[in-house]
Amino acid sequence: MSSGNDCPPQTFTKPALSEKEAAELVDRVFGLNVSWLRPLPSYDDQNFHVCVSGNSNGAEGAHEYVLKITNTADSQEPELIQVQTQAMMFLSAEGFPSATPYLTKDGSIMSLESADPGNKKHMVRLLSYLPGTPVAKIATNAQLLYEVGKLAASLDKALTECQLCQQTEVSDTSHLHCYQSVLMQSINHGDLNDHNILVDCSSASLENPQYRVSGILDFSDMSYGYYVFEVAIAIMYMMIESPDPLGVGGHVLAGFESVVPLTAEERGALFLLVSGRFAQSLVIAAHTALLYPENEEYLMITAKTGWKHLMTMFEMGQEAVEKKWFETAQAYTHCTPAPSVGGC
(Lines give C-alpha, C1' and ligand atoms only; values in the text may rest on other atoms or scores of the structure.)
Protein backbone atom coordinates (compact mmCIF):
# COMPACT_ATOMS: atom_id res chain seq x y z
CA MET A 1 0.00 0.00 0.00
CA SER A 2 1.40 3.31 -1.06
CA SER A 3 0.71 4.94 2.27
CA GLY A 4 2.71 2.73 4.56
CA ASN A 5 2.85 -0.38 6.72
CA ASP A 6 1.95 -3.64 4.97
CA CYS A 7 2.10 -5.88 8.03
CA PRO A 8 -1.10 -7.76 8.90
CA PRO A 9 -3.43 -5.77 11.15
CA GLN A 10 -3.20 -6.52 14.85
CA THR A 11 -5.10 -5.43 17.91
CA PHE A 12 -3.82 -2.01 18.87
CA THR A 13 -4.96 1.42 19.89
CA LYS A 14 -3.94 4.25 17.60
CA PRO A 15 -3.07 7.35 19.62
CA ALA A 16 -5.60 10.20 19.43
CA LEU A 17 -4.07 13.18 21.17
CA SER A 18 -5.37 16.67 20.58
CA GLU A 19 -2.94 19.34 19.41
CA LYS A 20 -2.99 20.85 22.91
CA GLU A 21 -2.14 17.49 24.48
CA ALA A 22 0.65 16.92 21.94
CA ALA A 23 2.18 20.32 22.73
CA GLU A 24 2.07 19.58 26.45
CA LEU A 25 3.73 16.22 25.80
CA VAL A 26 6.63 17.88 23.96
CA ASP A 27 7.14 20.28 26.86
CA ARG A 28 6.89 17.60 29.55
CA VAL A 29 9.06 14.94 27.92
CA PHE A 30 11.56 16.98 25.89
CA GLY A 31 11.51 20.37 27.61
CA LEU A 32 10.72 22.29 24.42
CA ASN A 33 8.31 25.18 23.92
CA VAL A 34 5.98 24.55 20.96
CA SER A 35 5.37 27.51 18.64
CA TRP A 36 2.97 25.56 16.44
CA LEU A 37 2.17 22.01 15.36
CA ARG A 38 -0.01 20.27 12.82
CA PRO A 39 -1.05 16.64 12.30
CA LEU A 40 0.73 14.45 9.75
CA PRO A 41 -0.81 11.35 8.09
CA SER A 42 0.03 7.98 9.60
CA TYR A 43 -1.01 4.36 9.17
CA ASP A 44 -1.27 3.22 12.79
CA ASP A 45 0.68 5.76 14.85
CA GLN A 46 0.07 9.48 15.40
CA ASN A 47 2.49 12.06 13.99
CA PHE A 48 2.76 15.83 14.36
CA HIS A 49 4.95 18.35 12.55
CA VAL A 50 6.25 20.48 15.43
CA CYS A 51 8.01 23.82 15.44
CA VAL A 52 9.69 24.76 18.72
CA SER A 53 11.30 27.99 19.85
CA GLY A 54 14.08 27.27 22.29
CA ASN A 55 13.55 25.07 25.34
CA SER A 56 12.24 25.40 28.86
CA ASN A 57 15.55 26.93 29.92
CA GLY A 58 15.17 29.80 27.46
CA ALA A 59 17.55 28.73 24.66
CA GLU A 60 16.91 30.66 21.45
CA GLY A 61 16.26 29.49 17.90
CA ALA A 62 13.38 27.85 16.05
CA HIS A 63 13.64 24.19 15.07
CA GLU A 64 11.29 21.70 13.42
CA TYR A 65 10.66 18.10 14.44
CA VAL A 66 8.23 15.23 14.01
CA LEU A 67 6.56 14.05 17.20
CA LYS A 68 5.93 10.33 16.73
CA ILE A 69 3.50 8.65 19.14
CA THR A 70 3.53 4.90 18.60
CA ASN A 71 0.45 2.67 18.80
CA THR A 72 -0.08 0.51 21.88
CA ALA A 73 0.95 -2.81 20.29
CA ASP A 74 4.29 -1.62 18.92
CA SER A 75 4.93 0.34 22.12
CA GLN A 76 5.21 -3.01 23.91
CA GLU A 77 8.36 -3.79 21.89
CA PRO A 78 10.80 -1.06 22.97
CA GLU A 79 13.82 -3.08 21.81
CA LEU A 80 12.50 -3.10 18.25
CA ILE A 81 11.81 0.64 18.27
CA GLN A 82 15.30 1.21 19.65
CA VAL A 83 16.85 -0.83 16.82
CA GLN A 84 14.89 1.14 14.23
CA THR A 85 16.00 4.43 15.77
CA GLN A 86 19.63 3.32 16.00
CA ALA A 87 19.51 2.29 12.33
CA MET A 88 18.26 5.78 11.46
CA MET A 89 21.07 7.34 13.48
CA PHE A 90 23.64 5.09 11.79
CA LEU A 91 22.38 5.96 8.32
CA SER A 92 22.40 9.67 9.11
CA ALA A 93 26.01 9.39 10.25
CA GLU A 94 26.79 7.60 6.95
CA GLY A 95 25.39 10.52 4.95
CA PHE A 96 21.87 9.27 4.23
CA PRO A 97 19.02 11.79 4.70
CA SER A 98 17.54 9.99 7.69
CA ALA A 99 15.93 11.52 10.78
CA THR A 100 17.66 11.48 14.16
CA PRO A 101 16.08 11.64 17.63
CA TYR A 102 16.03 14.61 19.96
CA LEU A 103 16.81 13.27 23.43
CA THR A 104 14.31 13.38 26.27
CA LYS A 105 15.02 15.44 29.38
CA ASP A 106 16.62 12.37 30.97
CA GLY A 107 18.84 11.73 27.93
CA SER A 108 16.89 8.86 26.30
CA ILE A 109 15.93 8.48 22.64
CA MET A 110 12.33 7.59 23.56
CA SER A 111 9.93 7.57 26.48
CA LEU A 112 6.90 5.44 27.38
CA GLU A 113 4.10 7.83 28.25
CA SER A 114 0.43 7.71 29.23
CA ALA A 115 -0.96 9.55 26.24
CA ASP A 116 -4.64 8.56 26.08
CA PRO A 117 -7.69 9.27 28.25
CA GLY A 118 -7.72 5.53 29.01
CA ASN A 119 -4.19 5.78 30.43
CA LYS A 120 -2.82 3.56 27.66
CA LYS A 121 0.95 3.56 27.21
CA HIS A 122 2.54 4.88 24.01
CA MET A 123 6.20 5.15 23.09
CA VAL A 124 7.08 8.74 22.21
CA ARG A 125 9.96 10.03 20.09
CA LEU A 126 10.86 13.46 18.72
CA LEU A 127 12.65 13.12 15.37
CA SER A 128 14.36 15.74 13.23
CA TYR A 129 12.09 17.06 10.50
CA LEU A 130 13.19 16.22 6.96
CA PRO A 131 12.23 18.77 4.29
CA GLY A 132 11.17 17.78 0.81
CA THR A 133 8.26 16.65 -1.32
CA PRO A 134 6.96 13.06 -1.26
CA VAL A 135 7.55 11.26 -4.54
CA ALA A 136 3.79 10.63 -4.64
CA LYS A 137 3.20 14.34 -5.25
CA ILE A 138 5.44 14.84 -8.28
CA ALA A 139 5.56 13.53 -11.83
CA THR A 140 8.39 11.01 -11.79
CA ASN A 141 10.88 10.78 -14.62
CA ALA A 142 13.54 8.23 -15.50
CA GLN A 143 16.25 10.06 -13.56
CA LEU A 144 14.22 10.00 -10.35
CA LEU A 145 13.24 6.35 -10.77
CA TYR A 146 16.91 5.48 -11.25
CA GLU A 147 17.76 7.42 -8.07
CA VAL A 148 15.08 5.57 -6.10
CA GLY A 149 16.53 2.24 -7.20
CA LYS A 150 20.05 3.37 -6.34
CA LEU A 151 18.84 4.57 -2.93
CA ALA A 152 17.15 1.23 -2.19
CA ALA A 153 20.33 -0.74 -2.90
CA SER A 154 22.67 1.70 -1.14
CA LEU A 155 20.52 1.82 1.98
CA ASP A 156 20.20 -1.96 2.27
CA LYS A 157 23.90 -2.41 1.59
CA ALA A 158 24.82 0.02 4.38
CA LEU A 159 22.43 -1.63 6.85
CA THR A 160 23.62 -5.12 5.94
CA GLU A 161 27.27 -4.20 6.37
CA CYS A 162 26.58 -2.37 9.64
CA GLN A 163 27.85 -4.48 12.54
CA LEU A 164 25.33 -2.84 14.86
CA CYS A 165 22.43 -4.03 12.74
CA GLN A 166 23.87 -7.50 12.30
CA GLN A 167 23.81 -8.02 16.05
CA THR A 168 20.33 -6.70 16.82
CA GLU A 169 16.74 -7.87 16.55
CA VAL A 170 15.06 -7.38 13.20
CA SER A 171 12.13 -9.58 12.19
CA ASP A 172 12.79 -12.41 9.74
CA THR A 173 10.38 -12.38 6.80
CA SER A 174 12.12 -14.96 4.61
CA HIS A 175 9.15 -16.79 3.10
CA LEU A 176 10.41 -17.90 -0.33
CA HIS A 177 12.13 -21.03 0.93
CA CYS A 178 12.70 -22.43 -2.56
CA TYR A 179 14.81 -19.39 -3.43
CA GLN A 180 16.79 -19.00 -0.21
CA SER A 181 19.91 -20.79 -1.44
CA VAL A 182 20.35 -18.47 -4.45
CA LEU A 183 19.23 -15.07 -3.15
CA MET A 184 21.61 -12.55 -1.57
CA GLN A 185 20.61 -11.86 2.01
CA SER A 186 20.29 -8.32 3.31
CA ILE A 187 18.56 -6.10 5.83
CA ASN A 188 15.61 -4.42 4.12
CA HIS A 189 14.00 -1.07 4.82
CA GLY A 190 10.87 -2.86 3.66
CA ASP A 191 8.61 0.09 2.83
CA LEU A 192 10.23 2.44 0.32
CA ASN A 193 6.91 3.66 -0.97
CA ASP A 194 6.21 6.96 -2.70
CA HIS A 195 5.18 8.61 0.58
CA ASN A 196 8.29 7.47 2.46
CA ILE A 197 10.80 9.01 0.04
CA LEU A 198 11.18 12.80 0.01
CA VAL A 199 12.93 14.65 -2.81
CA ASP A 200 13.86 18.16 -3.84
CA CYS A 201 14.60 19.49 -7.28
CA SER A 202 18.27 20.13 -7.98
CA SER A 203 17.78 21.89 -11.33
CA ALA A 204 15.74 24.84 -12.60
CA SER A 205 14.68 23.06 -15.79
CA LEU A 206 10.92 22.62 -16.03
CA GLU A 207 11.19 20.33 -19.06
CA ASN A 208 13.71 17.92 -17.53
CA PRO A 209 13.87 18.41 -13.75
CA GLN A 210 16.59 16.60 -11.83
CA TYR A 211 15.81 15.34 -8.35
CA ARG A 212 17.81 14.28 -5.34
CA VAL A 213 16.51 12.33 -2.34
CA SER A 214 16.17 14.61 0.68
CA GLY A 215 14.52 12.27 3.17
CA ILE A 216 13.89 8.60 4.00
CA LEU A 217 10.96 7.94 6.32
CA ASP A 218 9.41 5.09 8.34
CA PHE A 219 11.78 2.29 9.38
CA SER A 220 9.07 0.31 11.17
CA ASP A 221 9.06 -2.45 8.52
CA MET A 222 12.79 -3.23 8.66
CA SER A 223 13.45 -6.94 8.36
CA TYR A 224 15.99 -9.57 7.44
CA GLY A 225 15.37 -10.55 3.85
CA TYR A 226 16.99 -10.36 0.44
CA TYR A 227 18.19 -7.54 -1.78
CA VAL A 228 15.70 -8.53 -4.48
CA PHE A 229 12.83 -8.00 -2.02
CA GLU A 230 13.75 -4.32 -1.73
CA VAL A 231 13.95 -3.62 -5.44
CA ALA A 232 10.61 -5.42 -5.97
CA ILE A 233 8.99 -3.28 -3.29
CA ALA A 234 10.42 -0.10 -4.83
CA ILE A 235 9.24 -1.04 -8.33
CA MET A 236 5.74 -1.81 -7.11
CA TYR A 237 5.33 1.49 -5.30
CA MET A 238 6.82 3.59 -8.10
CA MET A 239 4.22 2.03 -10.44
CA ILE A 240 1.28 3.33 -8.41
CA GLU A 241 1.01 6.89 -9.76
CA SER A 242 2.98 6.44 -12.98
CA PRO A 243 1.25 7.10 -16.32
CA ASP A 244 3.43 4.28 -17.72
CA PRO A 245 3.46 1.77 -14.85
CA LEU A 246 5.02 -1.10 -16.77
CA GLY A 247 7.83 1.18 -17.91
CA VAL A 248 8.90 1.96 -14.35
CA GLY A 249 10.65 -1.29 -13.47
CA GLY A 250 13.62 -1.02 -15.80
CA HIS A 251 14.68 2.41 -14.53
CA VAL A 252 14.41 1.38 -10.87
CA LEU A 253 16.23 -1.88 -11.59
CA ALA A 254 19.06 -0.06 -13.38
CA GLY A 255 19.60 2.24 -10.40
CA PHE A 256 19.54 -0.69 -7.99
CA GLU A 257 21.99 -2.76 -10.03
CA SER A 258 24.42 0.15 -10.25
CA VAL A 259 25.07 -0.66 -6.58
CA VAL A 260 24.02 -4.31 -6.15
CA PRO A 261 23.81 -6.37 -9.39
CA LEU A 262 21.22 -9.12 -9.22
CA THR A 263 21.86 -12.73 -10.19
CA ALA A 264 19.90 -14.45 -12.96
CA GLU A 265 17.86 -16.29 -10.30
CA GLU A 266 16.99 -13.03 -8.54
CA ARG A 267 15.92 -11.42 -11.79
CA GLY A 268 13.79 -14.48 -12.44
CA ALA A 269 11.96 -13.94 -9.13
CA LEU A 270 11.29 -10.25 -9.70
CA PHE A 271 7.94 -10.52 -11.53
CA LEU A 272 6.56 -12.81 -8.82
CA LEU A 273 7.81 -10.55 -6.04
CA VAL A 274 6.36 -7.35 -7.52
CA SER A 275 3.03 -9.10 -8.12
CA GLY A 276 3.08 -10.55 -4.62
CA ARG A 277 3.71 -7.15 -3.05
CA PHE A 278 0.76 -5.71 -4.98
CA ALA A 279 -1.50 -8.53 -3.78
CA GLN A 280 -0.27 -8.28 -0.19
CA SER A 281 -0.71 -4.53 -0.05
CA LEU A 282 -4.15 -4.47 -1.66
CA VAL A 283 -5.67 -7.25 0.43
CA ILE A 284 -4.26 -6.04 3.76
CA ALA A 285 -5.35 -2.47 3.03
CA ALA A 286 -8.89 -3.56 2.22
CA HIS A 287 -9.11 -5.60 5.42
CA THR A 288 -7.63 -2.84 7.58
CA ALA A 289 -10.00 -0.26 6.10
CA LEU A 290 -12.92 -2.41 7.29
CA LEU A 291 -11.48 -2.39 10.82
CA TYR A 292 -10.63 1.33 10.83
CA PRO A 293 -13.04 3.08 8.43
CA GLU A 294 -12.09 6.51 9.77
CA ASN A 295 -8.69 6.07 8.08
CA GLU A 296 -10.05 4.54 4.86
CA GLU A 297 -8.94 7.31 2.48
CA TYR A 298 -5.32 6.99 3.58
CA LEU A 299 -5.38 3.19 3.73
CA MET A 300 -6.82 2.74 0.25
CA ILE A 301 -4.39 4.93 -1.73
CA THR A 302 -2.86 1.98 -3.58
CA ALA A 303 -6.27 0.51 -4.44
CA LYS A 304 -7.03 3.47 -6.72
CA THR A 305 -4.70 2.05 -9.35
CA GLY A 306 -3.19 -1.08 -7.79
CA TRP A 307 -5.72 -3.68 -8.90
CA LYS A 308 -5.57 -2.32 -12.45
CA HIS A 309 -1.76 -2.46 -12.53
CA LEU A 310 -1.69 -5.99 -11.12
CA MET A 311 -4.17 -7.25 -13.70
CA THR A 312 -2.25 -5.50 -16.50
CA MET A 313 0.94 -7.29 -15.44
CA PHE A 314 -0.73 -10.68 -15.65
CA GLU A 315 -2.50 -9.87 -18.91
CA MET A 316 0.82 -8.85 -20.49
CA GLY A 317 2.54 -11.89 -19.02
CA GLN A 318 5.79 -12.45 -17.14
CA GLU A 319 7.97 -12.89 -20.22
CA ALA A 320 6.84 -9.65 -21.87
CA VAL A 321 7.04 -7.61 -18.66
CA GLU A 322 10.52 -8.91 -17.87
CA LYS A 323 11.66 -8.18 -21.43
CA LYS A 324 10.54 -4.56 -21.05
CA TRP A 325 12.22 -4.18 -17.65
CA PHE A 326 15.49 -5.86 -18.59
CA GLU A 327 15.90 -4.08 -21.93
CA THR A 328 15.37 -0.71 -20.24
CA ALA A 329 17.91 -1.57 -17.55
CA GLN A 330 20.39 -2.80 -20.16
CA ALA A 331 20.22 0.56 -21.96
CA TYR A 332 21.77 2.21 -18.91
CA THR A 333 25.04 0.37 -19.50
CA HIS A 334 25.51 2.67 -22.51
CA CYS A 335 24.17 5.86 -20.89
CA THR A 336 25.90 8.07 -18.35
CA PRO A 337 24.28 9.78 -16.55
CA ALA A 338 20.81 8.24 -16.36
CA PRO A 339 18.83 8.66 -19.60
CA SER A 340 15.93 11.07 -19.81
CA VAL A 341 12.39 9.84 -20.26
CA GLY A 342 12.86 9.76 -24.03
CA GLY A 343 16.09 7.74 -23.95
CA CYS A 344 19.85 8.37 -23.93
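**Close-up views of a predicted model**

V135, A136, I138, T140, D194, Y237, M238, E241 and S242 line the largest cavity. This is a predicted model: local features need pLDDT of at least 70, side-chain atom pairs need 80 or more, and totals for chains, interfaces and linings use all residues. Residues are numbered from 1 along each chain as its sequence is written, and side-chain values use heavy atoms, without hydrogens or water.

**View 1. The largest cavity and its lining.** A cavity is a set of points, on a 1 Å grid over the protein atoms alone, where a 1.4 Å probe fits but cannot get out; lining residues have an atom within 4 Å of a point. The whole structure holds one cavity of 30 Å³ or more. The largest cavity has about 50 Å³ of space (volume is the space filled by probe spheres set on the points). Its lining has five nonpolar, two polar and two charged residues (Asp, Glu, Lys and Arg count as charged; Ala, Val, Leu, Ile, Met, Phe, Trp, Tyr, Cys and Pro as nonpolar; the others, Gly among them, as polar).

**View 2. Helix α4 against helix α7.** The axes of α4 (residues 142-161) and α7 (residues 248-257) come within 6 Å and cross at roughly 45° (axes are lines fitted to C-alpha atoms over the stretch in contact; angles run from 0 to 180 degrees between N-to-C directions). On the α4 side, the contact (heavy atoms within 4.5 Å) includes A142, L145 and Y146. Among the α7 partners are V248, H251 and V252.

**View 3. Helix α8 against helix α11.** The axes of α8 (residues 264-291) and α11 (residues 318-331) come within 10 Å and cross at roughly 115°. R267, G268, L270, F271 and V274 of α8 meet Q318, V321, E322, W325, F326 and A329 of α11. Seven nonpolar, two polar and two charged residues make up this contact. Helices here are DSSP runs (H or I, at least four residues), numbered from the N terminus.

Technical notes: 1 Å grid on protein atoms, 1.4 Å probe; cavity = no way out; pocket = protein on both sides within 12 Å on 5 of 7 lines; lining within 4 Å. Helix = DSSP H or I, 4+ residues; strand = E, 2+ residues; numbered from the N terminus.
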